[in-house]
Amino acid sequence: MTLIVLNNTDSGMMLYTDSRISNSSGETGRKITDQFNKGFVVPFHFTVKKGAKKNKNIKGDVGFGFSGSTIAGTAIAMMAGNILCNMHSDDKGSEPTFDTIVKIILKATEVLHDETWANPLLFDSLIFGYCPTKGKPQAALVTAKKIEEGYRYEANEINLPIGGVVAIGSGRKYFNQIVERDLTKNRRLADIVYEAVRTNTDKGTGGAIQIVRVGRDGGSYHAVLEPRAEGGGESFVSGFRCAELGKVDGFHLGREAIGVGLDVIKANHDKKNM
């Protein structure tokens, strides 16, 4: 399973995830890889016909993070971008909203689910970003619900004010315990997420931290600087060690990194220099 954490900040909506893919969570879980994406930037491009030869273009990005079936979650993230970049309306009054985007992703999820109904591939997801019409930050949780005929998906908007945090996945309970424990310590959320991933005994949660940001200026993936046991830190992208790629035609991986577990880096540095 996984840990997915969404935080609404003044500078954008930040998604933190782990990078482990496993065959299940808990003690029986078996790691498949620690190098995988669970957070995505999903582009959208709507056109609205305004005249015989004139269209209005509405472009941007939303974020997407999933917990559950790797095949289904990744498929929807990829399909959603292709679908959302090909939306058109002949109605001059049409204006796409965040709710429009969520409805389209929900419909794609239901279609994929119906294709795999004999062996349903279930997952939950967080969709987030800025409404292309209203400009305000919004988020929604898409979940699989058991019904008499099997499962159906539903989307519910999440009220996430500035500073608000929501988590999903098998690592959510452990993450919430750390948040409650450190509520008065003023720790950085990135450091709490790092601890929740690195110290969780759930075999379905692990690997490196991934960060996806969606702001008014669009979405972006970030390299992440994590502590090393021997001191200092190393950078990751999607669980992949940046240093392992080396230089390719003069280019190296990791334009800029966001630090996680900085309190651990400081503790290791202080211990080394005692």
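**A chain of charges**

Guide: Let's start with Lys 185, which is exposed because its relative accessible area is 53% (exposed means over 50%, buried under 20%, partly exposed in between, with a 1.4 Å probe and protein chains only). Bear in mind that this is a predicted model, where local features need pLDDT of at least 70 and side-chain atom pairs count only at pLDDT 80 or more, while totals for chains, interfaces and linings use all residues. Residues are numbered from 1 along each chain as its sequence is written, and side-chain values use heavy atoms, leaving out hydrogens and water.

Lys 185 has a salt bridge to Asp 182, with the closest N and O atoms 3.4 Å apart (a side-chain nitrogen of Lys or Arg within 4 Å of a carboxyl oxygen of Asp or Glu). Asp 182 itself is buried, since its relative accessible area comes to 3%. Through shared partners, salt bridges tie Arg 181, Asp 182, Lys 185, Arg 187 and Glu 195 into one network. Arg 181 also bridges to Asp 182, and there the closest N and O atoms are 2.8 Å apart. At 46% relative accessible area, Arg 181 counts as partly exposed.

The structure holds 14 salt bridges. For another one, look at Asp 34 and Arg 20, whose side chains meet at 2.7 Å, N to O. That pair links distant parts of the chain, with the two residues 14 residues apart. Here both partners, Asp 34 and Arg 20, are buried.

Technical notes:
Helices (H or I, at least four residues) and strands (E, at least two) are DSSP runs, numbered from the N terminus.
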